[in-house]
Amino acid sequence: VGFSPDDKAIVFDDQEKGYFMRNIENGDRKELTNYTEPGLLDSPDGKKRLLIFSIVNSAHDSEIFISNLDGTEEHELGKYKLGIFQPLWHKNGMRLLIAEQIGFQASFNARILELDADRTKVIKESEVIVKGPVYEIAW
């Protein structure tokens, strides 16, 4: 559960039906996804939303998607082995900091993803900037 960037709505998950946004003033409810498992993270400017999905397979992969705040224009940004931990938006809204799990223990590689001007695809992925146990990442 969280507030929308404009503070006019709350975002929540209905664990059986997906993620929704409810307008605080009039109570209108809008479906954002029909998936029940993604993590959601809004951009600093409140125009884009990250969706992080765990893929149910033997490798426990994760996929990152980006969409408009209302769920339209969804684009895949990438797939990562063994999962993504604690993605963060840079304050400029054009870069993401992610920690990709390595192995099945608490070890992660932190990377920066640079997005194109439309924020629909990754144009540059950094080399690993932190390697090993990562318990918290921040800009």
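Biologist: Where is Glu 73 placed?

Modeller: Glu 73 is in the loop between strand E7 (62-68) and strand E8 (75-80); strands (E, at least two residues) and helices (H or I, at least four) are DSSP runs, numbered from the N terminus. This is a predicted model, in which local features need pLDDT of at least 70 and side-chain atom pairs count only at pLDDT 80 or more, while totals for chains, interfaces and linings use all residues. Residues are numbered from 1 along each chain as its sequence is written, and side-chain values use heavy atoms, with hydrogens and water left out.

Biologist: Why is Glu 73 called exposed?

Modeller: Buried means under 20% relative accessible area, exposed over 50%, and partly exposed in between (1.4 Å probe, protein chains only). Glu 73 has a relative accessible area of 53%, and is therefore exposed. Glu 73 also has a positive phi of about 55°, although it is not a glycine.

Biologist: Is Arg 119 buried or exposed?

Modeller: Arg 119 has a relative accessible area of 8%, so it is buried. Its place is in the loop between strand E11 (108-115) and strand E12 (122-125). Arg 119, too, is not a glycine, yet has a positive phi of about 55°.

Biologist: What makes up the largest nonpolar core?

Modeller: A nonpolar core is a set of buried Ala, Val, Leu, Ile, Met, Phe, Trp, Tyr and Cys residues joined through side-chain atoms within 4.5 Å. The largest has 12 residues in all, among them Leu 50, Ile 52, Ile 84 and Trp 89. Two or more residues each come from strand E6 (48-54), E7, E8, strand E9 (84-89), strand E10 (95-101) and E11.

Biologist: Which residues does Ile 84 touch, not counting those up to four places away in sequence?

Modeller: Contact means heavy atoms within 4.5 Å. Ile 84 touches Ile 52, Ser 62, Ile 64, Ile 98, Ala 99 and Glu 100.

Biologist: Why does His 90 count as buried?

Modeller: His 90 lies in the loop between E9 and E10. Its relative accessibility is 12%, so His 90 counts as buried. A polar atom of the His 90 side chain lies 3.0 Å from the backbone nitrogen of Asn 92.

Biologist: How many salt bridges does a search of the whole structure find?

Modeller: The search finds four. A salt bridge is a side-chain nitrogen of Lys or Arg within 4 Å of a carboxyl oxygen of Asp or Glu. Side chains of opposite charge can pair when their charged atoms come close.

Biologist: What is the N to O distance in the salt bridge of Asp 42 and Arg 49?

Modeller: It is 2.6 Å, and the side chains of Asp 42 and Arg 49 meet in a salt bridge. Asp 42 has a relative accessible area of 21%, so it is partly exposed, whereas Arg 49, at 2%, is buried.

Biologist: What is the N to O distance between Glu 63 and Lys 79?

Modeller: Glu 63 and Lys 79 meet through their side chains in a salt bridge at 3.7 Å. This pair links distant parts of the chain, with Glu 63 in strand E7 and Lys 79 in strand E8, 16 residues apart. Glu 63 is buried, because its relative accessible area is 15%; Lys 79 is exposed, because its value is 56%.

Terms used: Polar contact = N/O pair within 3.5 Å; in protein donor to acceptor, adjacent residues only side chain to side chain.
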